[in-house]
Amino acid sequence: MRIATTTIYKQGAAELQRHQSVQAKLQNQLSTGRRVLTPADDPISSAKALDVMQAKELNDQYAVNSKTADSAMRLSEATMQQVTELLHDIYSLAVKAGNPSQTVAEKKLLDSELQGQYKQMISLANATDGTGSYLYSGFKGTTQPFTETSFGNVQYFGDDGQRQMQISGSRQIPVSESGYQMFQAARTGNGSFVSSANGVAPGNSGSGVISPGEVVDLNKWNDPTHSQKFKVEFQSVNDPANPGKPLISYDLIDNQPFLADGVTANTNFNKSIVDGYDYTAVPVRPAIPGTLNNYPRAYLPGGDIEFKKIASDPIAMPAWDYGIKMNVTGKPSVVIGALGSNATPTGSVSSGTLDSFNIDPSRNNGDIFQTMKVFSDALNAYQTSPTGMANFQNQLNSVLQNTSNMLTNVLSSQGSMGARMVETQSVQNTNGDLKVQYGQTLSGLQDLDYAEALSDFSLTQTLLEASRKSFSQVQGLSLFQYIS
């Protein structure tokens with residue numbers, strides 16, 4: 001068999017190139033530390049590594065998002081803490097203002113302190129995150145949430161949204177709060193109903209102070225068959241047996257607006273729920289036979305006013321129970337003369353001239369700024385007369401109750417924010433664990449076994465040297481060397 005010289009050269013050159021190519025690849029692997037340099041090196045591992053790399057990069061972005069979300073929530077939570085402390089200060093100021101020994105001038109000094117707290121509250125409500133985005137404007141991060149039109153009248157221009165951030169493949173976490181929900185949507189009254197003194201001019205003239213009240217049976221209070229809007233109306237007459245000591249009685253009246261034939265919309269039932277007396281049909285109630293009183297229940301200062309049928313109520317009325325109670329202290333109602341200066345000869349009294357207190361359902365519209373205005377107005381209108389002190393105390397009770405509700409509202413938002421911060425920290429820990437796992441998986445798919453690679457490199461280098469030497473010797477096998 002004859003082998004051409006060109007064939008020997010080609011085979012030798014090809015082997016040299018193959019060994020050089022293998023050695024170059026090994027050199028590249030050793031310098032990069034990677035086994036798979038191109039998809040052709042290991043198509044299956046290369047495809048898996050691409051998927052893992054994408055998951056790793058996505059996880060890295062989630063880790064960045066988690067840190068950003070945590071930073072934003074910590075700033076918001078710190079501001080909420082300042083709001084909480086400020087509400088505590090306002091509540092303490094209201095308690096301090098309840099000292100009956102204070103003078104009118106001292107009440108005005110307290111108002112000066114309240115004015116500073118009011119400005120601070122608006123500043124906190126319009127706080128930013130340092131980059132120009134408002135903390136409490138909902139989705140409208142660049143819109144100032146609260147604008148004051150006048151003292152106590154503050155409008156909200158944000159929305160109810162919560163900005164969210166993706167911190168994992170399955171979790172978007174809210175990083176902001178709605179300013180309206182925080183500052184203007186607390187429950188009013190005791191959370192179920194609001195008790196308040198008659199605010200229609202000229203208002204109450206006695207010294208009665210009503211308590212916030214309490215719900216005895218929530219199911220009965222929430223019974224849809226009754227209106228949840230009532231009025232406690234008082235009447236007082238001089239007791240002939242004890243001159244100067246009035247006899248005070250009261251009635252519980254349905255105060256729900258309604259529509260009926262021949263009756264204007266938004267008028268009241270004005271119907272007693274104690275004995276069914278209809279004030280709408282006959283506005284002047286006659287005296288109860290055998291007594292100077294016109295109203296069915298005797299008043300005991302500080303005693304429970306129960307919205308249910310009690311033993312002293314008229315027997316004719318069926319049993320009823322609305323599930324709430326409260327009390328009134330002081331002396332409500334105008335003290336009128338014997339039979340009353342505004343009474344008829346039979347002892348009848350006009351219900352429109354007597355002291356009353358309203359019971360209304362609680363609403364989610366407790367406004368921090370409006371409550372501070374009510375507080376300020378009460379401080380500035382304070383009078384040392386029994387009636388003035390009673391009016392002040394009724395307003396102060398409302399301020400205390402609403403401030404307490406607002407504090408609960410903010411603490412609820414703060415607690416929710418804290419829970420989300422804990423969740424974010426947990427997700428950060430999970431992201432960190434995933435990062436390690438992804439790194440280990442990529443290492444198994446791509447990284448080089450240095451011991452094996454160095455051994456292969458040494459072997460390839462030996463083979464390359466052998467190929468060179470053999471090729472150089474083969475080059476000398478030519479007939480032209482023997483032609484002289």
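Reader: How many salt bridges does a search of the whole structure find?
Author: Twelve. Keep in mind that this is a predicted model.

Reader: What do the side chains of Arg-285 and Asp-251 form?
Author: A salt bridge, at 2.8 Å from N to O. Arg-285 sits in strand β13 (residues 284-285) and Asp-251 in strand β9 (residues 242-254), so the pair ties together parts 34 residues apart in sequence.

Reader: Are Arg-285 and Asp-251 buried or exposed?
Author: Both are buried.

Reader: Which residue does Lys-325 meet in a salt bridge?
Author: Asp-304, at 3.3 Å, N to O. Lys-325 is in strand β16 (residues 321-329) and Asp-304 in strand β15 (residues 304-308), so this pair links distant parts of the chain, 21 residues apart. Asp-304 is partly exposed, with a relative accessible area of 43%.

Reader: And Lys-308, which partner there?
Author: Glu-306, at 3.6 Å, N to O. Lys-308 counts as partly exposed at 30% relative accessibility. Glu-306 does too, at 26%.

Reader: Which residues do salt bridges with shared partners join into one network?
Author: Asp-251, Asp-275 and Arg-285.

Reader: How does the lining divide by residue type?
Author: Nine nonpolar, 16 polar and no charged.

Reader: Last one: how many helices and strands in the protein chain?
Author: Eight helices and 19 strands. Buried residues make up 40% of its 484 residues.

Note on methods:
Residues numbered from 1 in each chain as written. Predicted model: local features only at pLDDT ≥ 70, side-chain atom pairs only at ≥ 80, totals over all residues. Heavy atoms only, no water. Helix = DSSP H or I, 4+ residues; strand = E, 2+ residues; numbered from the N terminus. Buried < 20%, exposed > 50% of the residue type's maximum accessible area, 1.4 Å probe, protein only. Nonpolar A, V, L, I, M, F, W, Y, C, P; charged D, E, K, R; others polar. Salt bridge = Lys/Arg side-chain N within 4 Å of Asp/Glu carboxyl O.
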